[in-house]
Amino acid sequence: MPMSLRPRPGRCRAPARWTRGAAGLLLTGLMGCQMKCSEPVPDAGHALASLQRESPCVQVWRAAQVDVAFKEEPEDAVQQRTDTRLERRFTVARQLRGAYRHQDRWASVLEYEAGPVRGGVSYSLQVPDVLSDLTGQVVEWTSHREPASCPTKEDGEVPVLLSGDTLRDAEGRLLLLTVPSAPTTIAGDVLLPPGLVPELSFQWEDAGCTLADGTHALDVQLRVTHANRSQGPGTTVTAEVGQPAPLTLDGVRYVVRVARATADMQGRCGQAVFTLMREGLLEQGQSGP
């Protein structure tokens, strides 16, 4: 029997609860951080000052931001989770496209059933974007959430979240990588949860942007590289905010879309928000009147 999910726009009906990322894990309970960002560097501003140029840059590309939520009933198994990672392998029994519209966002929802358990993974996209139909296909979904070990500003500030979600096909090949928060370090690294996407590596590069007034955050661009292959056409791509960038991974074409990327000029953590999806996975839905 299909799940009954017909809430008012932007909300799910009670008692169903959508939770962000890895089953709504509480950050206050995740004290053991695995990734280490660079310590604040007093002279880091001088080291990065040479990266500034005089051209303005796009700071945010909302269409590239994809928010992921997860729900499963009954909730007992999810509530017992204490780790930072949640994984599910399931056959897509039903797919909602253009559901739960709120302003200029709506959701593509992959629903599944396994005995008494019913669940779904929701991808919030900007109208008119929808995910292509995956009904009947076996997929693997992995979600990771934990606080990084470095602050964004002064001591006591909430640290950057280290997070990411992958959707893979039955053979384990990447369909979609969504990164709502990846810390960036003074060394040029873009940190992702360990083992989440081992086939790729990420760094940031100078995008020729000016420093925003009153901040130490410099807008940058991302460099995405095939981690396990020698350099070749399409195996490395530079992606800037506001511009989709094509990438080839094991003969399969993908598109990188960066919603936001910053590096901190005082050596604390910056943040990158981006997606990488298989070409053709994103389609245009009917937005209606």
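Author: Let us begin with a term: a salt bridge is a side-chain nitrogen of Lys or Arg within 4 Å of a carboxyl oxygen of Asp or Glu. Side chains of opposite charge can pair when their charged atoms come close. Here, Glu205 and Arg223 form such a bridge, with 2.6 Å from N to O.
This is a predicted model, in which local features need pLDDT of at least 70 and side-chain atom pairs count only at pLDDT 80 or more, while totals for chains, interfaces and linings use all residues. Residues are numbered from 1 along each chain as its sequence is written, and side-chain values use heavy atoms, with hydrogens and water left out.

Reader: Which strands hold Glu205 and Arg223?

Author: Helices (H or I, at least four residues) and strands (E, at least two) are DSSP runs, numbered from the N terminus. Glu205 lies in strand S11 and Arg223 in strand S12, so the pair ties together parts that are 18 residues apart in sequence. The protein has 2 helices and 17 strands.

Reader: Is Glu205 buried, exposed or partly exposed?

Author: Buried means under 20% relative accessible area, exposed over 50%, and partly exposed in between (1.4 Å probe, protein chains only). Glu205 is partly exposed at 23% relative accessibility, and Arg223 is partly exposed at 25%. Across the protein, buried residues make up 49% of the 289 residues.

Reader: How many salt bridges does the structure hold?

Author: The structure holds 14 salt bridges. Among them, Arg118 pairs with Glu73, their closest N and O atoms being 3.3 Å apart. Arg118 belongs to strand S6 (residues 117-126) and Glu73 to strand S2 (residues 67-73), so this bridge ties together parts 45 residues apart in sequence. Salt bridges also link Asp169, Glu171, Arg173 and Arg278 in a network.

Reader: Which residues have the most contacts inside the largest nonpolar core?

Author: A nonpolar core is a set of buried Ala, Val, Leu, Ile, Met, Phe, Trp, Tyr and Cys residues joined through side-chain atoms within 4.5 Å. The largest one has 35 residues, and Leu177 and Phe274 have the most contacts inside it. Strand S15 (252-264) is one of the elements that give two or more residues to this core; S15 supplies the largest share, 6 residues.
Contact means heavy atoms within 4.5 Å. Leaving aside neighbours within four places in sequence, Phe274 is in contact with residues including Leu177, Phe202, Leu222 and Val258. A second, separate core of 20 residues includes Val66, Leu110, Tyr123 and Leu131.
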